[in-house]
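Please look over the following model before reading on.

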Amino acid sequence: MLPPGVTSEPNVALNDSMLRFLGVMRSKTDPSVPMHLTSGIRSVGSQASAMWVKFQADPSGNGLVSLYGQKAVNVVQAAKTAGVNGIAQHLTALASQGVVFSKHMVGDAFDLRTTNLSTAQIGALRAGAIAAGAGSDDAIVESTPPHLHVEGLTGFSLANYVPSTETVKKNIPTLLLMVLGSVVVGGLIYWSRRRSGSTVVAGSSVAASSDAD
């Protein structure tokens with residue numbers, strides 16, 4: 001549930017750390033300044049759509065490269081060749097290698113609308129994000145479309161963190177050990193109960209029936 005005083009566009013996906021951060025940020029921001037979420041956790045498709053909006057506003061691709069660095073050069077080419085679908089295909093290929101373009105894609109960023117806000121209100125919104133714990137480089141005022149991008153929420157314990165492909169790869173050995181351990185423990189419990197059940201049946205049919213459920 002969103003903190004009091006925070007509103008959102010429909011279907012904006014958030015995790016626990018974002019909600020905690022937003023609650024703290026709301027308490028440290030002038031209550032007259034609206035806090036309206038436009039984006040949270042993004043899939044490859046929603047990230048591609050966001051990048052497509054920026055590309056349409058600046059078809060040269062300079063805006064994307066300025067924001068995402070040289071790794072966006074190929075994204076710009078994909079956009080020129082195949083539009084938003086080209087971007088999505090490129091991002092999907094990179095995600096399979098553990099490469100993501102935005103912290104939105106790993107559950108560590110959200111955007112707040114700044115359309116129709118005054119310069120002072122935008123400044124107050126950014127100051128509130130920094131006061132809540134964001135670094136000065138993690139609270140970024142962007143113009144296409146107008147919003148405040150806030151990232152770097154790791155200090156708020158990413159309980160529902162959405163891992164990148166690379167994170168998953170690194171944790172596969174641990175996950176396999178956990179699964180194997182669960183199987184072994186489950187098997188031991190199963191056979192222990194079977195042996196116990198057999199003993200009870202042999203000694204008393206009444207005792208066996210009481211363990212039926």
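Contact here means heavy atoms within 4.5 Å. Axes are lines fitted to C-alpha atoms, for helices over the stretch in contact, and angles run from 0 to 180 degrees between N-to-C directions. Helices (H or I, at least four residues) and strands (E, at least two) are DSSP runs, numbered from the N terminus. With those terms, H1 lies across E1, E2, E3 and E5 and runs at about 40 degrees to E3.

This is a predicted model: local features need pLDDT of at least 70, side-chain atom pairs count only at pLDDT 80 or more, and totals for chains, interfaces and linings use all residues. Residues are numbered from 1 along each chain as its sequence is written, and side-chain values use heavy atoms, with hydrogens and water left out.

**Sheet**
- An open sheet is formed by 5 strands in the order E1-E2-E3-E5-E4, with mixed pairing; two strands pair if DSSP finds at least two bridges between them.
- E1 and E4 are the edge strands, each pairing on one side only.
- On average, neighbouring strands of this sheet are turned by 35 degrees against each other, direction ignored.
- E1 and E2 run parallel and are joined by 3 bridges; Val6 stands opposite Met35 in E2.
- E3 and E5 are antiparallel, paired over 5 bridges; Ala109 has Glu151 in E5 as its bridge partner.
- E4 and E5 also run antiparallel, joined by 5 bridges; Val141 has Leu148 in E5 as its bridge partner.
- The hairpin from E4 to E5 passes through 2 residues.
- E5 is mostly covered, with 5 of its 6 residues buried; buried means under 20% relative accessible area, exposed over 50%, partly exposed in between (1.4 Å probe, protein chains only).

**Helix H1**
- H1 (residues 16-27) has 12 residues, which at 1.5 Å a residue should span 16 Å; its end C-alpha atoms are 17 Å apart, which agrees.
- That expected span is 1.5 Å times one less than the number of residues.
- Ser17, Met18, Phe21, Leu22, Met25 and Arg26 are the buried residues of H1.
- Seen down the axis of H1, these residues fall within an arc of 160 degrees, so they line one face of the helix; the arc is that of the directions from the helix axis to the C-beta atoms.
- Their cover includes strands E1, E2, E3 and E5, and helix H5 (119-131).

**Glu142**
- Glu142 sits in strand E4 (residues 139-143).
- Glu142 is buried, with a relative accessible area of 12%.
- Not counting residues up to four places away in sequence, Glu142 touches Lys54, Leu67, His147 and His149.
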